[in-house]
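Subject: Structure handover

Hello,

Here is the structure I promised you. Please open it alongside this email, and follow the notes below as you look.

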Amino acid sequence: MRVLVTGWPSFLHGEATAGDVLAMEAVQAALTRAGVECRLAWSPVFRPGGLDLDRAEPASYTHLVFACGPLHGRQVEDLHRRYAGCTRVAVGVSVIDPADPAVTGFDAVLARDAPAAAPRRDLAALPATPSVPVAGVVLAPGQAEYGGRRRHDRVERELGDWLAARECARLPLDTRLDPRDWRLFTTAAELESVLRRLDVVVTTRLHGLVLALKNGIPALAVDPVGGGAKVTAQARAWSWPAVVTPPEAPPGERVLDTAELDRWWTWCLSPEGAGRAPAHPADAALIGELMDVLGVRRRPGAPGGP
């Protein structure tokens, strides 16, 4: 028996969701434990270099298993035609129309939900997955006030490519507050409540750095201005070492040193990095100076007070 495990993540024009991938891996793990030879077929867009359907020759397999997702559409029907010589089984799938050729083409259908049938738990719940660092990503907008020193587009592109290669859960965050948009926070307390649950913050924003350190979360700060500007200055004010500053005149196409990013990423996730955040308590000196300028008497225990 040689089994090819497929699903919607196998199709070039399909969709790879976490649940579909986990279901396919659950099938593979169970078959492998039983001593059955099996392969997973992936879209070349999702897993470049993996086994794709074009290279998974039908003659090489006795069985085809389709795991998870709805059974419908031309792409599923194409599997029946291409692997007509294989025994075809669908497992953990949704059946919308039992008469659909995408459904009837299988020799057996073990549905998670189907008309007039009791629902069954999805296969994605089976595989155990390791914990990975959770990284909040806070990026700055264009900041046109820096003129020709702006490196925002290049920094964001290079930082995004670098982040995509990290084994971590990336959580895009925005410091903008807007009660009209559910995708944004309404209060600063909402943002900070999320920050406290992170392992690390990667940011090109001054307040991404400040609010991470305020809440005891290490931050890998990247200044998007050539030669450094307010992000670099704020890191210095906090005595925070994990800041990457692009040169004022980049020597080539790249503005960020990936080795430097790697080094600070590792440091931020180490006990040393976590132990340094925040570097020291909040400093109310500026409030005190404002009170002096305004001629306001400071009260003991108040911000800026004695």
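Which residue caps the N-terminal end of α8? D257 does: one of its side-chain oxygens lies 3.0 Å from the backbone nitrogen of A259. That is a polar contact (a pair of N or O atoms within 3.5 Å; within protein, one must be able to donate a hydrogen and the other to accept it, and residues adjacent in sequence count only if both atoms are side-chain atoms).

Some ground rules. This is a predicted model, where local features need pLDDT of at least 70 and side-chain atom pairs count only at pLDDT 80 or more, while totals for chains, interfaces and linings use all residues. Residues are numbered from 1 along each chain as its sequence is written, and side-chain values use heavy atoms, with hydrogens and water left out. Helices (H or I, at least four residues) and strands (E, at least two) are DSSP runs, numbered from the N terminus.

Helix α8

Stay with α8, which spans residues 258-268. Its buried residues are L261, W264, W265, W267 and C268. Buried means under 20% relative accessible area, exposed means over 50%, and partly exposed is in between (1.4 Å probe, protein chains only). Seen down the helix axis, the buried residues of α8 fall within an arc of 165°, so they line one face. The arc is that of the directions from the helix axis to the C-beta atoms. What covers these residues? The cover includes β6, α4, β8, β9 (219-222), β10 and α9 (271-275). Contact here means heavy atoms within 4.5 Å.

Strand β6

Now look at β6, residues 134-138. Four of its five residues are buried, so the strand is largely enclosed by the rest of the structure. Two strands pair if DSSP finds at least two bridges between them. β6 runs parallel to β7 (residues 169-173), and five bridges join them. β6 also pairs with β8 (residues 200-203) in the parallel sense, over four bridges. Find A135. Its bridge partner in β7 is R170, and in β8 it stands opposite V200.

Cysteines

How many disulfides are there? A search of the whole structure finds zero. A disulfide is a pair of cysteine sulfur atoms within 2.5 Å. For C168, the nearest cysteine sulfur is that of C268, 12 Å away. C168 is buried at 9% relative accessibility. C268 is buried too, at 1%.

Salt bridges

The whole structure holds eleven salt bridges. A salt bridge is a side-chain nitrogen of Lys or Arg within 4 Å of a carboxyl oxygen of Asp or Glu. Here are some of them.

- E158 and R254 meet at 3.5 Å, N to O. E158 is in helix α4 (residues 152-164) and R254 is in the loop between β10 (243-244) and α8, so the pair ties together parts that are 96 residues apart in sequence. E158 is buried at 6% relative accessibility, whereas R254 is partly exposed at 42%.
- D174 and R176 meet at 3.0 Å, N to O. D174 is partly exposed at 23%, and R176 is partly exposed at 49%.
- D178 and R180 have their closest N and O atoms 2.9 Å apart. D178 is buried at 14%, but R180 is exposed at 76%.

Best wishes
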